[in-house]
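Biologist: I would like to work through a model feature by feature. Please give the general idea each time, then the case at hand.

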Amino acid sequence: MSAKVKKEKRTSLSRRLCLLSGCIIILMNVVQLLSVTTNAQKDIVEEDLAMYENMIAGYSESLTNKLEGYFRELSGYVHADIMRAGDLQSCYEWIQHPNRAEMRGEFDYILFAGPDGQARTDIGGRTTISEREYFKDIMQRGLDTSIDDPVIGKTTGKPVIHVTRAVRNENGKIFAMVSGVLNVETLTDVVSQIKIGDNGYAFLLASDGMVIAHPQRDFVMQKNFITGITGGKEGKNGDMIAVAESMTRREKGAQFINANGRDGKDLIVYSPIEGTPWALALSIPDYQIYDLVNTIRYLLIFFAIGITVSLCVVIGLLLVFSLKTLRVVEGAITDIASGDADLTRRIDIKSNNEIGFVVKGFNKFTDKLHSIISDVKASKDDLTVAGEDMSASAQDTAASITEIIANIESMQHQITNQNASVDETAGAVNEIASNISSLERMIEMQSSGVTQASAAVEQMIGNITSVNQSVDKMASSFGALQQNAQSGIGKQEAVNERIQQIEQLSVGLQEANAAISAIAEQTNLLAMNAAIEAAHAGDAGKGFSVVADEIRKLSETSTYQSKTIGDQLNNIKDAIAEVVTASLDSSAAFESVSRLIKETDQLVTQIKSAMEEQQEGSQQITEALHSMNDSTVEVRNAASEMNEGNKAILNEVRRLQEVTAAMKGNMEEMSVGARKINETGAALSSISDKVKDSIQQIGNQIDQFKV
């Protein structure tokens, strides 16, 4: 036992106390550091923010004054005497006079325009500015002054700014405008001179977010802080877009944003410039603002480390001197532990501090332990006998539990077989129930089909009756039609006879017309002869000549009429021939119709006989369907009763399954419990053996104590 004590790793209480004290001191210093730096940072940021807001206001006012100076430079043009006259042509000539160049000042050139938007410059150029905003401000909105966002100048092709003033005539009415054109680089130079600390700078934005002035010259008139920053509003530069939008709304404010190109943040302080659509902003990196805070933080860390080291050294020395007496107690306890367990030995040390009271408590504990060990030694023999009895009882209990487990496993096997049989029965009953349900559905479908068939047969019988009536009507109609056809054939034969008579009469008329034509020819010949004779007779034959002329005219008229009658008779003959042909065709058609009517009448008679036979068969089918429907109703009722009975059987089988499953679960639980009891019995037997061995070992150990 003493060897084991020597091998244990020794720990130092003084070292632990020193470490604990050092951790507490460090934690207090950290809390103090965080509190001081947080408050200092908050105060410094508030002071710097107020300072930067005053600074941006001053720079904005300075730019405003600068722009007002540009407006004043245009006074020489606006208040010139020639302008008051209000003559545009004279004003154009005056502006373009070479002597006006000395009035230009810082402007690149001067532009003058009338109400039509036609502008001329003092360097000889001409352009149209009616679509420019500064022209609309003066000539349409009636403003006295205007400064626009940078645009590409139509004269120079470079980004320029127009400082514009209205020109009034003697009556005080605006009749023209004059603009001083500034290169954007002029403002860029002014803004780039603004420095805040080592790395702070200023930039200027137009009303649409376009950069007017910036330390990075490639941003000027090329970068738009609202639409031209990669990443969108949700990206790293989204907060810069929000600041730019606030600036374009002519708002004042300050905001920390993610720095572009480095880790950390930049403070953006911004303000609008009065009299313009622009906004000025200052950008200050956060490390420049927190420089003083970092200095305070480093000083606090340095002093905290020094104080922590000093306190740890002092506390370590105090602990070493205070725990020197405790080492004497340690030696005495080690002597008792390394001896022959002599409980009659005591530690004799005189001390009134906490360690002395610890020694006194140890002596009292030894006295109590001396008494307990004496009693334990007296009861050691009784414990040995009890341990042997417990071991025997545990063995008997284990044998009984083993037999119980065997019985439970046998019963569990029987219940498992019964459960399988019940499951097979339930499956068979479920299959029967499924078949009954299927049969019931089939009976329902058959009943529905029989009902539909019965209705269809009854409807068919009604249709057959209607067809029979229609066939009767057709038979009677065919009889009347046949009579009409016979009558038509007789009338057609009479018509044929009349047509033949007309044909014979037309032949006689042609012969008469031929005779008339011959008479007319003879008369004409006689008239010619009479005319010749009258001519021979001279004056005595003039009267006869007149008669001869009239006879000749009558002969010609008769000849013409005879020819006309001949043509008409020929037409009548042709028409009569066509009528004869059509009459013959009509007679043949009547005979064909009569023959077909007879054949159709025979078919109708056959159809009527077949429909009567079908009506009798349909009535027999109807009676059979009614009988089948009654049988189907009885079968359906029987199937319903079978289905109800099967449901009752199925419920009983389910209850039997539930009871069997419950018995099986109970047997499994009993089996598990029996196994647990068996395991507990085995463990108890092992424990009893261990208790027996422990009692023996305790006895051996107790025998070592000297009481």
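This is a predicted model: local features need pLDDT of at least 70, side-chain atom pairs count only at pLDDT 80 or more; totals for chains, interfaces and linings use all residues.

Biologist: How many residues does the largest nonpolar core have, and which have the most contacts inside it?

Modeller: A core of this kind is built from buried nonpolar residues joined through side-chain atoms. Here the largest one has 47 residues, and Met83, Phe112, Leu204, Ile212, Trp278 and Leu280 have the most contacts inside it. Helix α2 supplies the largest share of this core, with seven residues. Apart from that core lies another, of 14 residues, which includes Val211, Phe219, Val243 and Ala279.

Biologist: Which residues does isoleucine 212 touch?

Modeller: Not counting residues up to four places away in sequence, the contacts of isoleucine 212 include Pro150, Ile161, Val184, Leu187 and Thr188. Leu204, Val220 and Trp278 are also among them.

Biologist: Now the strands. Which strands are joined to β7, and by how many bridges?

Modeller: Strands count as paired when at least two bridges are found between them. Strand β1 (residues 109-113) is joined to β7 by five bridges, and the two run antiparallel. Within that pairing, tyrosine 109 has valine 181 as its bridge partner. Strand β6 (residues 159-168) is also antiparallel to β7, with nine bridges between them. There, isoleucine 161 is partnered by leucine 182.

Biologist: How many residues of β7 are buried?

Modeller: Ten of the ten residues in β7 (residues 174-183) are buried. In the hairpin that β6 and β7 form, five residues lie between the strands, and glycine 172 takes a positive phi near 80°.

Biologist: How many salt bridges does a search of the whole structure find?

Modeller: The search finds seven. One of the pairs to look at is arginine 104 with aspartate 122, whose side chains meet at 3.1 Å, N to O. Arginine 104 is in the loop between α5 and β1, aspartate 122 is in the loop between β2 and β3, and the two are 18 residues apart. Arginine 104 counts as buried because its relative accessibility is 17%. Aspartate 122 is buried as well, at 10%.

Biologist: How far apart are the closest N and O atoms of arginine 168 and aspartate 144?

Modeller: They are 2.6 Å apart, in a salt bridge. This pair links strand β6, where arginine 168 lies, to the loop between α6 and β4, which holds aspartate 144, 24 residues away. Arginine 168 is partly exposed at 33%, and aspartate 144 is partly exposed at 44%.

Biologist: Which residues are linked in a network of salt bridges?

Modeller: Glu133, Asp137 and Arg141 form such a network.

Terms used. Residues are numbered from 1 along each chain as its sequence is written. Side-chain values use heavy atoms; hydrogens and water are left out. A nonpolar core is a set of buried Ala, Val, Leu, Ile, Met, Phe, Trp, Tyr and Cys residues joined through side-chain atoms within 4.5 Å. Buried means under 20% relative accessible area, exposed over 50%, partly exposed in between (1.4 Å probe, protein chains only). Helices (H or I, at least four residues) and strands (E, at least two) are DSSP runs, numbered from the N terminus. Contact means heavy atoms within 4.5 Å. A salt bridge is a side-chain nitrogen of Lys or Arg within 4 Å of a carboxyl oxygen of Asp or Glu.
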